[in-house]
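Please read this report alongside the sequence and the coordinates.

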Amino acid sequence: MSLRRRPRAEAATPAGGARSGLCVRGLRVDRGASPIVRNVSLTAPPAAVTVVLGSNGAGKTTLLEALSGIIPAAEGTVELHGTAIAGFSRRQRALAGLGHVEQGRQVFPELTTAENLQAVAEDEATVEQGFALFPELAQRRDVAAGMLSGGEQQMLVLARALARSPEILMVDEMSLGLAPKITQRLIETMRRLADERGVGVLLIEQYASLALAIGDHAYVLGQGEMVYDGPCRPLIDEPEVLRAAYLGHRVTPAGAESAQPVER
Ligand SMILES: Nc1ncnc2c1ncn2[C@@H]1O[C@H](COP(=O)(O)OP(=O)(O)OP(=O)(O)O)[C@@H](O)[C@H]1O
Ligand SMILES: [Mg+2]
């Protein structure tokens, strides 16, 4: 696969070698008067897949929306390759290299697949890179996006996000409502993006086992707080650890015995 990589924003990286990728510390995000995300810290390095799991309503979408500037954060720091971006607008964050594939796979339904890509790509070569990544889409290039299957629409949304050459790509529940086979295909593509293109993928996924199988590091958000921060393997090998985390118990890679209820 030949995919163009945007030159890294060296000027934005302070001398002395700041941390690369996305680095979040002590984030709090409120919805109305309610704190939904509390004291969340995470790192999403380049060329890696970082998995974020959590039960329904845990605050995963809220977390990503705050990181990409859709909603404000009440507390905490957000750095992208060493630059503090918490004060940046959504557009500035995107220009700085932070991509966000939102839950719900929004396409322009009356535009064709190719037109959907052309609307965001800076040139035809970028459009073709999207088609190279998803050959299924190339066959549907002149079809109105509203007529595509759910899986094809998700590919289109991913291709559109990638057309902006993000350094970090945050992906929110791309498998919602899709068949397991297409979900597997999309999740494998996340691995390829990290390995072949150096993208740092922050993957929120309901199919925990599929995501953990290709992930480099895992976090579990339990009712707004990070209750697991460690390798993927223990969550695969010991499903009870994952279950405890989903229930909001703080767990460590050592196992479920160490589960502690999160204080509120
Ligand atoms: N716009 C909103 N206004 C008020 N509360 C909201 C809003 N959106 C979400 N919430 C609440 O915030 C909490 C976290 O929701 P969020 O959508 O971030 O969770 P999630 O982990 O993404 O869940 P899911 O797995 O269902 O996508 C929930 O209690 C939800 O009801
Ligand atoms: Mg969500």
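What covers the buried residues of H7? The cover includes S3, helix H6 (150-162), S7, S8 and helix H8 (208-214).

## Basis

This is a predicted model, in which local features need pLDDT of at least 70 and side-chain atom pairs count only at pLDDT 80 or more, while totals for chains, interfaces and linings use all residues. Residues are numbered from 1 along each chain as its sequence is written, and chains are lettered from A and ligands numbered from 1 in the order in which they are written.

## Overall content

The protein has 10 helices and 12 strands, taken as DSSP runs numbered from the N terminus (helices: H or I, at least four residues; strands: E, at least two). Of its 264 residues, 45% count as buried, that is, with 20 or more other C-beta atoms, placed from the backbone, within 10 Å of their own. Among contacts between residues at least 6 apart in sequence, 66% join residues at least 24 apart; a contact requires C-beta atoms, placed from the backbone, within 7 Å.

## Helix H7

Helix H7 covers residues 180-197 and lies across S3, S7 and S8, running at about 160° to S8. Angles run from 0 to 180 degrees between N-to-C directions of axes fitted to C-alpha atoms, for helices over the stretch in contact. The buried residues of H7 are Thr183, Leu186, Ile187, Met190, Leu193, Ala194 and Arg197.

At 1.5 Å a residue, the 18 residues of H7 should span 26 Å, and the end C-alpha atoms are 25 Å apart, which agrees; the expected span is 1.5 Å times one less than the number of residues. Glycine 198 follows H7 and has a positive phi, near 75°.

## The sheet

An open sheet of mixed pairing is formed by 6 strands in the order S6-S7-S8-S3-S9-S10, where pairing takes at least two DSSP bridges between two strands. Strand S6 (98-101) and strand S10 (225-230) are the edges, each pairing on one side only. From one strand to the next the twist averages 15°.

Strands S7 (residues 168-172) and S8 (residues 200-204) run parallel and are joined by 5 bridges. Aspartate 172 stands opposite isoleucine 204 in S8. H1 lies across strand S3 (49-53), S6, S7, S8 and strand S9 (217-222), at about 150° to S7.

Technical notes. Contact = placed C-beta atoms within 7 Å. Buried ≥ 20, exposed ≤ 12 C-beta atoms within 10 Å, placed from the backbone.
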